[in-house]
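This report goes through one structure by region. The sequence and the coordinates come first, and the notes follow.

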Amino acid sequence: MALIIEDSCINCDMCDPECPNKAITLGEEVYEIDPEKCTECVGHYEKPTCMSVCPIDCIKKDPQHIESEAQLLAKFLRIHP
Ligand code: SF4
Ligand code: SF4
C-alpha cells in the first residue's frame, strides 16, 4: 500500500529528497505522498526510506491504498520502465 503523511508533519523536508519515485511534495499545509507514485520503496529499498528518515514518525501505511507486493512491484516497473 502507499504511505500517508499525517497532519503532525513539521515540514522538515527530510523525506522529500529521499524518495526514489519523487512521490513526496509539499502540499497546502504539510508534505503529501502521491499514492500513484509511492511503491513503499519496493524495487529500491527493503524498507520505506521516508519512514526511516522522518524524525517524528508521522508517515504511516495508508489503509485507503492497500496493495500487494506484486502490485507495488508492477507500479515500480511502470514508473521505471
Ligand atoms: Fe517514496 Fe518510498 Fe516513501 Fe513511498 S515509501 S513515499 S516510494 S520514499
Ligand atoms: Fe514531514 Fe516527516 Fe517528511 Fe519531515 S520527514 S517533512 S516531518 S513527513
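This is a predicted model: local features need pLDDT of at least 70, side-chain atom pairs count only at pLDDT 80 or more; totals for chains, interfaces and linings use all residues.

## Ligand shells

Ligand 1 has 13 residues around it, and those that come nearest are C19, N21, C38, C41 and C50. Sorted by class, this shell consists of nine nonpolar, three polar and one charged residues.

Around ligand 2 there are 14 residues, with C9, C12, D13, C15 and C54 the closest. The shell of ligand 2 holds 12 nonpolar residues, one polar residue and one charged residue.

## Nonpolar core

Which residues have the most contacts inside the largest nonpolar core? They are I5, I24, I33 and I59, in a core of 16 residues. At least two residues of this core come from strand 1 (residues 3-5), and at least two come from strand 3. In soluble globular proteins, nonpolar side chains tend to be buried together.

With neighbours up to four places away in sequence left aside, I24 is in contact with I5, C15, D16, C19, Y31, E32, I33 and C50. Of these, C19 and C50 are also among the residues that come nearest to ligand 1, while C15 is one of the closest to ligand 2. I5 and I33 are again among the core residues with the most contacts.

## Helix 2

Helix 2 spans residues 69-79, and L72, K75 and F76 are buried in it. These buried residues line one face of the helix, because they fall within an arc of 105° when seen down its axis. A70 and R78 are exposed on the other side of helix 2.

A74 also has its place in helix 2. Is A74 buried or partly exposed? Its relative accessibility is 35%, so A74 counts as partly exposed. A74 and H44 are 30 residues apart along the chain, and 13 Å separates their C-alpha atoms.

## H80, after helix 2

The segment after helix 2 contains H80. This residue is partly exposed, because its relative accessible area is 27%, between the limits of 20% and 50%. Beyond residues up to four places away in sequence, H80 touches P20, N21 and H44. N21 is also one of the residues nearest to ligand 1.

The side chains of H80 and H44 are joined by a polar contact of 3.2 Å.

## Two residues with positive phi

Most residues other than glycine have a negative phi. N11 has a positive phi, near 50°, and is not a glycine. E40, which is not a glycine either, has a positive phi of about 60°.

N11 is in the loop between strand 1 and strand 2 (residues 24-26). It is partly exposed, at 33% relative accessibility. What does the side chain of N11 reach at 2.9 Å? It reaches the backbone oxygen of E29. Residues up to four places away in sequence not counted, N11 touches L26, E29, V30 and Y31. Y31 is also a contact of I24. The C-alpha atoms of N11 and I59 are 12 Å apart, and the two residues are 48 residues apart along the chain.

E40 is in the loop between strand 3 (residues 31-33) and helix 1 (residues 49-53). Is E40 buried or exposed? With a relative accessible area of 13%, which is under 20%, E40 is buried. The side chain of E40 makes a polar contact of 3.3 Å with the side chain of K61.

Technical notes
Residues are numbered from 1 along each chain as its sequence is written. Chains are lettered from A and ligands numbered from 1 in the order in which they are written. Side-chain values use heavy atoms; hydrogens and water are left out. A residue is near a molecule or strand if one of its heavy atoms lies within 4 Å of it. Ala, Val, Leu, Ile, Met, Phe, Trp, Tyr, Cys and Pro count as nonpolar, Asp, Glu, Lys and Arg as charged, and the others, Gly among them, as polar. Helices (H or I, at least four residues) and strands (E, at least two) are DSSP runs, numbered from the N terminus. Buried means under 20% relative accessible area, exposed over 50%, partly exposed in between (1.4 Å probe, protein chains only). A polar contact is a pair of N or O atoms within 3.5 Å; within protein, one must be able to donate a hydrogen and the other to accept it, and residues adjacent in sequence count only if both atoms are side-chain atoms. The arc is that of the directions from the helix axis to the C-beta atoms. A nonpolar core is a set of buried Ala, Val, Leu, Ile, Met, Phe, Trp, Tyr and Cys residues joined through side-chain atoms within 4.5 Å. Contact means heavy atoms within 4.5 Å.
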